[in-house]
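These are my notebook entries on a structure of which the sequence and the coordinates are at hand. I record what I looked up, topic by topic.

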Amino acid sequence: MTSSATNPRSRGTVSLRVNGVDRRIPLDPDRHLLYVLREELGLTGTKYGCGEGECGACKVLVDGVAVRACQTRIGEAVGHSVTTIEGLAHGDELHPVQQAFIDAGAFQCGFCTPGMIVATVALLARTPRPSDEEVRAALDGNLCRCGGYLRILDAVQRASRSVAQEGSSHR
Amino acid sequence: MSPTAATVPFDLLPPGERPYFDRFGNGVVVVLPAQRPGPSGWGAGGPPHGGAWIHVGEDGRARAFTGKVEVGQGTRTALSLVVAEELRLPLSAVDLTMGDTDVCPWDMGTFGSRSMPDAAQHLRLTGTATRSVLIGLAARRLGVAPAEVELVGGEAKVRGAARLPVGYGELVKGLRRLEFVPAETRASPPSEWTQAGHPAGDVTARAVVTGSREYTSDLHLPGMLHGKILFPPTYGAKLRSVDLGPAKALTGVVALHEGDLVAVAAPLLPTAIAALRAIRAEWEPTPQPSEREIVDYLRNHPAEGEDFWDVVHHEAGDVEAARAAAAVTLSETYITAYIAHAPLETHAVLASWDGDRLTVRLGTQTPFRARDALSDALEIPPARVHVIVPPTGSGFGGKHASELAVAAARLSKAAGRPVRIAYSREEEFTQAYFRPLAVVDVRSAATSDGTLAAWEFHVLNAGSAAARIPYRVPNQKIDNQPTDSPLAQASYRALAATANNFARESHIDEVAARFGVDPVDFRLRHLADDRLADVLRATASKAGWEARPSSTAGRTDRHGRGIAVGLEKGGRVATFAEVRVDEDRRLEVVRLVTGYECGAIVHPSNLRSQVEGGAVMALGGALFEAIHFDGGRVVNPRFSEYRVPRFRDTPPIEVLLLDRKDLPSQGGGETPLIAVAPAIANAIFDATGRRLRSLPLTPDGTVP
C-alpha cells in the first residue's frame, strides 16, 4: 500500500491502516503510535504502562511483528498494517491466543493482557512451537505486576497447541 | 430512573427508605443491615461494614451489591460465585455492583484481605435469606409447603413432582418486597457447595482478552480535558511563589492555584504537559535525610501511632530473667527497603460535574473514603459526590489516596468540563507512597536443649501485622514503634507482615542452625498453631524436604534449601525455596513451593493465581526491589531503573492449597507473600553459610 502522506489532496492528514481499516489522522509524524491509537482513534485496548518501552503493555502488531507503540513514531507506522488487540478476534470468534488466555486463567487485573496476547501472536507466527525458554525470552519485555507469568506461559503453550491443531485440521 | 432515586446515596439513607425498586425495578430486595464502627473500634461482629443487599428482578437475575472493589484480585468472580451458590442461579445470572458509592453498601476499603471473610460472608447470608423469600413465594404459588419447594438453576420446582417449574422472574413479578436478613440465618456449609469451591471461569475474561474492558485511564467523556498536577521537586518542598501566566497563555489551557494545589488542564495531553512545564514556580526545599543515614534517622524520629500504624505492646513472662539463664542468646537486626507498588495501570481519575453534583471515576481501593475526601475538599455534602470504581489495573495497597481525585474535581469545576488525570510512570513512582522501610531488632534466648526461652521483637516503622510469634516461647516482649518517615509511606500488600515475618523466620533459622537442628524440625517443635504445622508438614513433604541442619559451612554443591512459615489475616502459609549460588556468587532461585490454607476455598483457580502471583511479587521485594533517594528525590522512578520481576526472574512455583471446608473462608491476596523472602534468605544461608539480614537480598543479582 502506498502512503497517502504524499497525496497533495490530503495535506494535513495522513492515512493509517489499523485493524484492516484506513483511518485518517492528523499529519504529524513525530506523534507516538500509542497516543494516536488511544487518544485519536479511541482504541484503548492498547495500554500505557511506562512510556519508555520497558513494560510491553502497549505492544501492537506492525506487519505482524510486535512493536512497542510508545516507542514508535507515527511516521514509521504509516504505510504499514497495524493490528491492535481489538483487531484479533473475528466477530464473536476469539483468536486462539485470546481463547488460550481465558482457558489458562492467565490474567488477574488484566492490564498487561493485551500486550501479552499481541506479543504471543507475533511469537507464534514466527515460532509456532516455542520451548518454554523461547516463550520466556520472547515475553521478557512484557511486565505483569500481578505476577501471572506461569499462567501466561501455560496460555502460550495452549495457544501453540491449538494453533497447530487448527493448522493441521485445515490441511 | 426517577429524579429522587439519584439524589441520595443508598448508604446515607436508612435501609428501609432506599429507592431500591425505583432504581432497579420490581422484585425482591433482601438487606443485611450495616454495622458501623463503634466508639471503641471494631465490635464483636468483626470490622465495621455497611452490610449487603441483593435484588432479584422480574428478569430473573440477581443483582448483588458490595462496597468492596476489584483491582485484579479476582473478587468480582469469587463474590458473584457465593451469590450464585446461595441463590441456586448460574453464575451468568448474577450481576455484582462493586464500590459504587451511590448504590453500594458503605465500606471502609478493600485492604487487609477482608473481601472473603467479610463481603463474601455478608453476601452468603443475604443470599441465603433471599433464597428463603423465594421459597416462600414459590410455596404459595405452587400451593405446597415450603419444605417441598426446590430451587434449581433460577427456577422453583416441587420436589419429586412432575410439575412445570416457575422462574424467579415470574415469582417476583409485580412485587416491591423488602426484607431483612433474619439474625438466625446460616449460610450453606461449604461442604454442600456445588458452584463455590469448584472450578469457575472469570466473569471479566472476554472483555479482558479483547481489549474492550475499559479501565479508568481508558475512559473518555465529550469535551474532556487532560489534567496535570504540579508536584514539588523534592519531598517537603514548600511553594514560595507561582506564576500561572505562561501556562494560561497557551490555547485552551485552564490553570489553577487553590491552596496547595497547582494544576493545569488542556484538550490535548501534550498541551497540558507543555502548560505544566510553562508554570514558573519557586520552591523552598527542606532538609531531607540521605538513604545512607535512613536507619538512624528512623530510630531518632519516633512518631505517635495513627489508626493505620496500629501499635502492639505484648509482654509475657520475664524476658530478662530468661536471657540471664539461657545457654544461647542471639541479637540481630533485620531491615526491609522502601519499595513501590508500581501497579501497571498508574493512578487515574475522571471527574465531571452535573450542576452541583460531582461524579468521579477513580481507580481506588477506598471509594467511600474518596467520597469523604472530595466532600471535605470541595465543601459539598457527601450526598452530592458519586464515586465509581471502573476496572483498575492493580493496586497492591497503593491506591488509597484521593489527592488526584480532588485535583481532577477542582480542575473540572474551573474548566466546566470533564477532566481526566492519569499519572505518568514517573509520577507514579514519585507521587505514590511506598511500602515502609522497616527495622526489626530481635533478641532471642534458648536453653541448652535448643528450646526457645525468650523472644524480644522490636519493630520500627513496619506495623504490627504478624509481629506476634506463632511459636511457643514462655517469655516475650513484642512492640512496634511508628516513625516520622521522610518518604511518603502507607499500605502495601502484606507490608508489615512481610517485614516481621522476614525478621522472625530468618532469626528462627539462625537459632536452629546454632543448635544444629533441622529447620523444619525446629519449627514443628515450637509451633503453637496446629493449622500452621499442618501447612508446614504438607509443604515440606511436597517439596521433598531433606531433613538436616543448615550451617555456616554452606554446601559444597552450592545448592541450598530453606523454608519459612507465616500466620497472618487468618491464612497459614509455608514457602520452600531452593537456590543455587554459583562460583561468582550469582543467585539463582531454582524453585519455590508454597503451601497455603485459608479455610474453605471459594474460587480455587483464582486462589491459585493469588498464591502464585503473590510469590512472584514477593520475589521482587526479596531479591532486588528498592526505592533509592537522595536529597528528598526518588532517583530511580522508571521501570528501566526500578527492577520488578519479569519472566526471566520467575522460577517454577508449585502451589499446594489445603481446603478446609470446616473453617471460615479467609483472604488469599496477602499472606502468601510473607514467607518468600525468609525462605530464600534461609536457602542462601544453607547454600553458602552467609546470613543476609536485609531486603532486598541480592540487589545486583549476587550474594554479598
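**Entry 1: a strand pair in chain A.** I looked up A:Val62 and found that it stands opposite A:Val65 in β4(A). Strand β3 (residues 59-62) of chain A is joined to β4(A) by 4 bridges, and the two run antiparallel. I note the rule for pairing: two strands pair if DSSP finds at least two bridges between them. The elements are DSSP runs numbered from the N terminus, with helices (H or I) of at least four residues and strands (E) of at least two.

I also note the terms of the model. It is predicted, so local features need pLDDT of at least 70 and side-chain atom pairs count only at pLDDT 80 or more, whereas totals for chains, interfaces and linings use all residues. Residues are numbered from 1 along each chain as its sequence is written, while chains are lettered from A and ligands numbered from 1 in the order in which they are written.

**Entry 2: the sheet around this pair.** I traced an open sheet of 5 strands in chain A, with the order β2-β1-β5-β3-β4 and mixed pairing. Its edge strands are β2 (21-26) and β4 (65-68) of chain A, each of which pairs on one side only. Neighbouring strands of this sheet are turned by 45° against each other on average, direction ignored. Axes here are lines fitted to C-alpha atoms, for helices over the stretch in contact, and angles run from 0 to 180 degrees between N-to-C directions.

Helix α4 (residues 113-126) of chain A lies across β3 and β4 of chain A and runs at about 35° to β3(A). Contact between two residues requires that their C-beta atoms, placed from the backbone, lie within 7 Å.

**Entry 3: a helix in chain A.** Which residues of helix α5 (residues 132-139) of chain A are buried? I found A:Val135, A:Ala138 and A:Leu139. Seen down the axis of α5(A), the buried residues fall within an arc of 85°, so they line one face of the helix. The arc is that of the directions from the helix axis to the C-beta atoms. An α-helix has 3.6 residues a turn, so residues three or four places apart point the same way. A residue counts as buried if 20 or more other C-beta atoms lie within 10 Å of its own, as exposed if 12 or fewer do, and as partly exposed in between; the C-beta atoms are placed from the backbone.

**Entry 4: a sheet in chain B.** I then traced an open sheet of 5 strands in chain B, in the order β4-β3-β2-β1-β8 and with mixed pairing. The edge strands, β4 (94-98) and β8 (176-180) of chain B, each pair on one side only. The twist averages 15° from one strand to the next. Helix α2 (residues 75-87) of chain B packs on the sheet and touches β2, β3 (62-66) and β4 of chain B; its direction makes about 135° with that of β4(B).

**Entry 5: two covered strands in chain B.** In strand β25 (residues 587-597) of chain B, 8 of the 11 residues are buried, so the strand is largely enclosed by the rest of the structure. Strand β24 (residues 571-581) of chain B is joined to β25(B) by 10 bridges, running antiparallel. In this pair, B:Val573 stands opposite B:Tyr596. The two strands form a hairpin with 5 residues between them, and B:Arg585 in the turn has a positive phi of about 65°. Strand β28 (residues 653-658) of chain B pairs with β25(B) in the parallel sense over 6 bridges.

Strand β12 (residues 261-266) of chain B is mostly covered, with 5 of its 6 residues buried. Strand β11 (residues 254-258) of chain B pairs with β12(B) in the antiparallel sense over 5 bridges. Their hairpin has 2 residues between the strands, and B:Gly259 takes a positive phi near 60°.

**Entry 6: B:Asp630.** Is B:Asp630 buried or exposed? I found it exposed, with 12 other C-beta atoms within 10 Å. B:Asp630 is in strand β26 (residues 629-630) of chain B. Leaving aside neighbours within four places in sequence, B:Asp630 is in contact with B:Ser290, B:Glu291 and B:Val635.
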